[in-house]
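This report describes one structure in parts, taking its strands, a helix and its aromatic residues in turn. Please look at the sequence and the model before reading on.

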Amino acid sequence: MKIGIIGAGNIGATLARKLAAGGHEVKLANSKGPQSIQNLANEIGVNAVTKEEAVSGVDVVILSIPFASYPDLKQTLSNVPETTVVIDTSNYYPGRDGAIKEVDDGKPESVWVSEQIGHPVVKAWNAVLAATLADKGQPAGSSSRIAIPVAGGDTGAETIAQDLVEDTGFIALASGSLEDSWRQQPGTPAYCTELTLQELKLALKAADKSRAPQNRDALIAKFMTPGSQFTHEQIVATNRAMTA
């Protein structure tokens, strides 16, 4: 499959590496231009391109950029066919992104993203830590495979996204419509908690929309406490404890 990825940070670069290793043809772009990521592209076996080239002639576009930057992509995506699957991996953090009233008032993050870029999206890979994505994938059929939620409004697009999630080493769980995708946003029990398939199903049902932003902000405050250091396992355990 031909895939364009915009965003070469921890999530975008890891997805590029894994999908290329799985046999997909991957183009990778960022905000600084191809030369800034040429060495990375050479290392992981993908093509470094401009943002415009990343969305041209591909089956899937994966967006892995800071949440507040999505309005800047509307022109870039303006000529992308409706049939192209666009996957949103982002999360909203007001302390980093600035306050966005519509989202603060309850609009699901990926609904807002879809409106900003003028194209339907599927929400996937947002509810997984970068280290989890990089190191915790398992072969199909493994009993220890972690499940990842995938939300969207188009069955065909969701199926493609689910297949790609499986290619990166995780079980893909159809988690509902894009309007329901708040259940996998920061501060919910499904977010960055490394759950099995059955555990993830229960976590999505247990999500509390009113509590999620409070949990998100409390977790960030805890993780950002001066002098504090958390291992990956401690981050996962803290997420589980504070969102339960």
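## The first strand

A residue is called buried if its relative accessible area is under 20%. The structure described here is a predicted model. By that cut-off, strand S1, residues 2-6, is mostly covered, with four of its five residues buried.

S1 pairs with strand S2, residues 25-29. The two run in the parallel sense and are joined by five bridges.

S1 and S2 belong to an open sheet of six strands, paired in parallel. The order across this sheet is S3-S2-S1-S4-S5-S6. Strand S3 (47-48) and strand S6 (122-123) are at the edges, where each has a single partner strand, so one side of each lacks a neighbour in the sheet.

For S3, the link to S2 consists of two bridges, and these two strands run parallel. Within S3, Ala48 is the bridge partner of Leu28.

## Helix H8

Helix H8 covers residues 155-167. Its 13 residues should span 18 Å at 1.5 Å a residue, and this agrees with the end C-alpha atoms, which are 18 Å apart.

Which residues of H8 are buried? They are Ala157, Glu158, Ala161, Gln162, Leu164 and Val165. Because these residues cover an arc of only 160 degrees around the axis, they lie on the same side of H8. In an α-helix there are 3.6 residues a turn, so residues three or four places apart point the same way.

Both ends of the helix have a detail to note. At the start of H8, a side-chain oxygen of Asp154 comes to within 3.1 Å of the backbone nitrogen of Gly156. After H8 comes Gly169, which has a positive phi, near 105 degrees.

## Aromatic pairs

Two aromatic rings can be described as a pair by the distance of their centres and the angle of their planes. The search of the whole structure finds four aromatic pairs. One of them joins Phe67 and Tyr70 in an edge-to-face arrangement, with 6.3 Å from centre to centre and 65 degrees between the planes. Phe67 counts as buried because its relative accessibility is 0%. Tyr70 also has 0% relative accessibility and therefore counts as buried.

Phe67 forms an aromatic pair with Tyr92 as well; this one is tilted, at 5.3 Å centre to centre and 40 degrees between the planes. The pair links distant parts of the chain, 25 residues apart. Phe67 is in the loop between strand S4 (60-63) and strand S5 (85-88), while Tyr92 is in the loop between S5 and helix H4 (94-97). Tyr92 is buried, as is Phe67. Together, Phe67, Tyr70, Tyr92 and Trp112 make up one aromatic cluster.

## Trp182

Where in the chain is Trp182? The loop between strand S8 (171-174) and helix H9 (197-206) holds Trp182. Its relative accessibility is 11%, so Trp182 counts as buried.

Neighbours within four places in sequence aside, Trp182 is in contact with Pro108, Thr188, Ala207, Asp208 and Lys209. Trp182 and Leu73 are 109 residues apart in sequence, and their C-alpha atoms are 22 Å apart in space.

Note on methods: Residues numbered from 1 in each chain as written. Predicted model: local features only at pLDDT ≥ 70, side-chain atom pairs only at ≥ 80, totals over all residues. Heavy atoms only, no water. Phe/Tyr/Trp six-rings, centres within 6.5 Å; stacked < 30°, edge-to-face > 60°. Buried < 20%, exposed > 50% of the residue type's maximum accessible area, 1.4 Å probe, protein only. Expected span 1.5 Å × (residues − 1). Arc of directions from axis to C-beta. Polar contact = N/O pair within 3.5 Å; in protein donor to acceptor, adjacent residues only side chain to side chain. Contact = heavy atoms within 4.5 Å. Pairing = 2+ DSSP bridges.
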